[in-house]
Amino acid sequence: MFKKDPERATLYTIDSNPLFFQRFDDPPIPHLRLIHAFPSALPTVQIDRGAIRFVLSGATLMAPGLTSPGGRLPDAEHALEAGQVVAVKAEGKEEVCLVGALKVGTEEIKSKGKGVVIDEGHYLGDGLWKLHLD
């Protein structure tokens, strides 16, 4: 995740407003400020309260944070596939706290209940969030 080295990503902006970031050859991912302005732009999953502090400290998002009672994943009809970019909300919070690409699909997350879900992402308080473009 982007703890201390936002320079390892390309940042796309308009008039000092961050829009997207891109690591190496990965596809561009919307910046959290863009997601906050357009909250329905990406599919959303939800982590439980216990996972919040880990996500906001830059830890890898693990399946139990999504499969426990406070977590939320889409139903099978709206399942998300590995590689799809998602916005991650936190139980009891309004704003998205993390954006990144899923390592596994949501049906696999439900069936296994463990493992890495997002290991590279942009979260509130990371280097990209703190980057001032003025």
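Select Glu-91 to start: this residue is partly exposed, with a relative accessible area of 22%. Here buried means under 20% relative accessible area, exposed over 50%, and partly exposed in between (1.4 Å probe, protein chains only).

The model is predicted: local features need pLDDT of at least 70, side-chain atom pairs count only at pLDDT 80 or more, and totals for chains, interfaces and linings use all residues. Residues are numbered from 1 along each chain as its sequence is written, and side-chain values use heavy atoms, with hydrogens and water left out.

**Stop 1: salt bridges**

Glu-91 and Arg-49 form a salt bridge, with the closest N and O atoms 4.0 Å apart. The term requires a side-chain nitrogen of Lys or Arg within 4 Å of a carboxyl oxygen of Asp or Glu. Glu-91 is in the loop between strand 6 and strand 7, and Arg-49 is in helix 2, so the pair ties together parts that are 42 residues apart in sequence. Helices (H or I, at least four residues) and strands (E, at least two) are DSSP runs, numbered from the N terminus. Arg-49 is exposed, at 53% relative accessibility.

By this rule there are five salt bridges. Select Arg-23 and Glu-120 for another, at 3.3 Å, N to O. Arg-23 is in the loop between strand 2 (17-22) and strand 3 (29-30), while Glu-120 is in the loop between strand 8 and strand 9 (121-123), 97 residues apart. Arg-23 is buried at 14% relative accessibility; Glu-120 is partly exposed at 36%.

Next, select Asp-119 and Lys-103, whose side chains meet in a salt bridge of 3.7 Å, N to O.

**Stop 2: the cores**

Which residues touch the most other members of the largest nonpolar core? Select Ile-47, Leu-61, Leu-66, Val-88, Leu-98, Val-117 and Ile-118, from a core of 21 residues. A nonpolar core is a set of buried Ala, Val, Leu, Ile, Met, Phe, Trp, Tyr and Cys residues joined through side-chain atoms within 4.5 Å. Strand 4 (44-47), helix 2 (49-55), strand 6 (85-90), strand 7 (96-101) and strand 8 (116-118) each supply at least two residues of this core. A second, separate core has ten residues, including Leu-32, Leu-42, Val-85 and Val-96.

**Stop 3: a charge over a ring**

Select Arg-33 and Trp-129. The charged end of Arg-33 sits over the Trp-129 ring, 3.9 Å from its centre. The rule asks for NZ of Lys or CZ of Arg within 6 Å of the ring centre and within 35 degrees of the ring normal.
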